Amino acid sequence: MRIESWLATSIDTLSQAKLPSARLDSLILLEHVTDKKRAWILANTDHELPDRDLNLLNKLIVQRATGKPLAYITSRVFFYNHSFTVSEDVLIPRPESESMLELLKELPDISTIIDIGTGSGALAISA
């Protein structure tokens, strides 16, 4: 199956599951499985996906269609210009948490930040 065909099918599957980011989610999963940048994927939509990649992509689309967060599927989340490895054992850092980091910038010099048992450590590392 070519990338363009898989992409159309996966977007349809995720759209039927009422996921508003069906195209983006599909592209992220393609990047994750093929280890290719999005620009390459979009420029090579006629590329034939190997059976191994196709099987894995189809399994991941089913997981996403049932509501599993992308971060847990790919084990990766981007937060405040950093990439973090996550598992289902930690909370996924929320974009709203970035506002806390902006507030920290407005405070006088802070020499110590303690982040104990809060999840992935994304807030402390980013701070």
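**Close-up 1. Lys59 in helix H4.** Lys59 is found in helix H4, where helices are DSSP runs of H or I of at least four residues, strands are runs of E of at least two, and both are numbered from the N terminus. At 57% relative accessibility, Lys59 counts as exposed; the cut-offs are over 50% for exposed, under 20% for buried, and partly exposed in between, with a 1.4 Å probe and protein chains only. From the C-alpha of Lys59 to that of His82 is 27 Å in space, and the two are 23 residues apart in sequence. A word on what you are viewing: this is a predicted model, in which local features need pLDDT of at least 70 and side-chain atom pairs count only at pLDDT 80 or more, while totals for chains, interfaces and linings use all residues. Residues are numbered from 1 along each chain as its sequence is written, and side-chain values use heavy atoms, with hydrogens and water left out.

**Close-up 2. Leu7 in helix H1.** Leu7 has its place in helix H1, residues 3-16. With a relative accessible area of 6%, Leu7 is buried. Not counting residues up to four places away in sequence, Leu7 touches Arg23, Ser26, Leu27 and Leu30; contact here means heavy atoms within 4.5 Å.

**Close-up 3. Helix H1 against helix H2.** Two packed helices are described by the angle between their axes and the distance between the axes. For H1 and H2, the angle is about 130° and the axes are 8 Å apart; axes are lines fitted to C-alpha atoms, for helices over the stretch in contact, and angles run from 0 to 180 degrees between N-to-C directions. That makes H1 oblique to H2, since under 35 degrees counts as roughly parallel, over 145 as roughly antiparallel, 65 to 115 as roughly perpendicular and the rest as oblique. On the H1 side, look for Ile3, Trp6, Leu7, Ser10, Ile11, Leu14 and Ser15, which meet Ala22, Arg23, Asp25, Ser26, Leu27 and Leu30 in H2. The residues of this contact divide into 8 nonpolar, 3 polar and 2 charged; Ala, Val, Leu, Ile, Met, Phe, Trp, Tyr, Cys and Pro count as nonpolar, Asp, Glu, Lys and Arg as charged, and the others, Gly among them, as polar.

Close-up 4. Asp25 lies in helix H2, residues 22-34, and is buried, with a relative accessible area of 3%. Leaving aside neighbours within four places in sequence, Asp25 is in contact with Leu14, Leu19, Arg64 and Leu70. The axes of H2 and H4 (residues 51-65) come within 10 Å and cross at roughly 140°. That makes H2 oblique to H4, and H2 passes H4 in a right-handed crossing. By class, the contact of H2 with H4 has 7 nonpolar, 3 polar and 3 charged residues.

**Close-up 5. The rings of Phe79 and Tyr80.** The count comes to 1 aromatic pair. The ring centres of Phe79 and Tyr80 are 6.4 Å apart and the planes lie at 40°, so the pair is tilted. Rings of Phe, Tyr and Trp (its six-membered ring) pair if their centres lie within 6.5 Å; planes under 30 degrees apart count as stacked, over 60 as edge-to-face and the rest as tilted. Phe79 is buried, with a relative accessible area of 1%, and Tyr80 is buried as well, at 18%.

Terms used
A crossing is left-handed if the near helix is turned anticlockwise from the far one by less than a right angle, and right-handed if clockwise.
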